[in-house]
Amino acid sequence: MRYPVLILLLALVLPGVVPAEPAPTETVQDLLAVDRWKEALALAREQFDPGDAGSASDLGETLFRAGELVEASAVLSRIAEGNDPPPLRALVQLGLLRLAEGRGREGAELLQSALLQAPDDPYVLFRAAGAAGSRAEVILRLKRYVELMGESDPDRVEGARGTIRFLTALGDRETWVPSARPDDAALPLRKIPGRTGEVRGYTLKAVLGERKKPVRILLDTGSPGFYLDDRIARKHGMEVVAEATVFGGGGSGRHKSKRGVLSRLDVGAVGFRDVLASTSGTRLDPAASFQGLIGLDPFVGYILTLDLARGTLQLEAPPSSGDPWPGEGWSRGARYWTISGQFLVEAGDAGGAKGLFILDTGATRSLVSKNFVEQVDDAVVRGEGMVRAFGGVRPDSARVRGVDLQFQGLAGNARELGVDDLSLRSRLSGVEICGFLGLDILAGNVIRIDTLARKVFVKEQEPKP
């Protein structure tokens, strides 16, 4: 089991990618190139002609960028079915969308078709690399991308080089090999209480490497991988494969990290060997409530029920067919997408603003983007540097009042939410990220994630005061 290569690319290219200035006569593509996606979408809708594949391709791409993934799928599917061959960018965008929907084989085939059409197009090579069938093919595509790009877009090129170095060092070694995978398992979650009575997070016990003494790891649905404090990784025998600078988080925004392999990871009855992990040069939690964090990727293939009221993570094998709705008391459910390792669901403000949010049990409080706040009439932003993240305080962050964030009927009780500039994350993901749904909304409730049907269902357990 391997984490998507695009996750590595995102982690390594997070320094500010400064786009070029638009051309004097601005097209949809010019506007997208400088991250003016709202204007690009308005122009694409204005110019859309159902009989013109080029304008339809522009509309599909801008819908994806705006986070309107359902409509983007409809537009791009019609282009793919009605044109032989479809416009190149439409083919690439539909391939990325199919990957986000969990339709990996179809997405990879679409990107391979784009690569056959344009084998030396850097735009295609970079995006098709993440859908390659082997590490060797990923390396070949990225090497060609680097050759063609030269010194232009140096941050993205360095990200590609870092991925090449890491995958070359890893070679043919299999990782995340299941050693124990029962049909059903119940994993206890321990609540981390906050000083003001709020829930800071939920942890699992994990056995790492050759040591028998377990460590506490945070269940962090907002994380695309498995991370450990550097000291814990060394103590439990992690074999370092590569070093890199990870961009993002707080403080300087640049954090040294090591990537390596642990011989074992056991979480309750579920086990793996030869596990990829990344380390943090500083403590993941200053209070030492946990020494690592893990996302949902290792549990894909199960139905996951996170009972955040009773403190359990239930894993069960999904049925091969039938209605995925769990029954009375549950929401009707909504689809989710995974893009650059990010677990994305649609949520919004009670007043009607909506967008894609990262479902994040690792966030004590929800956070919204500055772009999203602009859509909420009653929002009032105050303060500076009010949001803490890995590595320190986010320098461009603040607090906002007047945003009534909701997800499938669940609503938080926080008077203020964090607000931050997520434009760089959105640009590198290729889709607008409107924020993080945190424990102020999720804690005390039950979240059911069906990784076969690609749907999320919720059940409210505790009335909010």
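**Close-up views of a predicted chain**

**View 1. The whole chain.** Of the chain's 465 residues, 52% count as buried (under 20% relative accessible area, with a 1.4 Å probe and protein chains only). This is a predicted model, where local features need pLDDT of at least 70, side-chain atom pairs count only at pLDDT 80 or more, and totals for chains, interfaces and linings use all residues. Residues are numbered from 1 along each chain as its sequence is written, and side-chain values use heavy atoms, leaving out hydrogens and water. Look for 14 helices and 27 strands, taken as DSSP runs (H or I, at least four residues, for helices; E, at least two, for strands).

**View 2. Helices α4 and α6.** Here α4 (residues 53-65) packs against α6 (residues 88-100) at an angle of about 35°, their axes 9 Å apart. The axes are lines fitted to C-alpha atoms over the stretch in contact, and angles run from 0 to 180 degrees between N-to-C directions. From α4, find S57, E61 and F64; from α6, find R89, A90, Q93 and L97. These make the contact, meaning heavy atoms within 4.5 Å.

**View 3. Where to read with care.** Confidence is given as pLDDT, from 0 to 100 for each residue. The chain averages 87, and 88% of the residues score at least 70. Over residues 1-18, pLDDT stays under 50, and the model has 64 contacts beyond four places in sequence for this stretch. Residues 250-254 also stay under 50, with 17 such contacts.

Technical notes:
Buried means under 20% relative accessible area, exposed over 50%, partly exposed in between (1.4 Å probe, protein chains only). pLDDT is the predictor's confidence in each residue, from 0 to 100.
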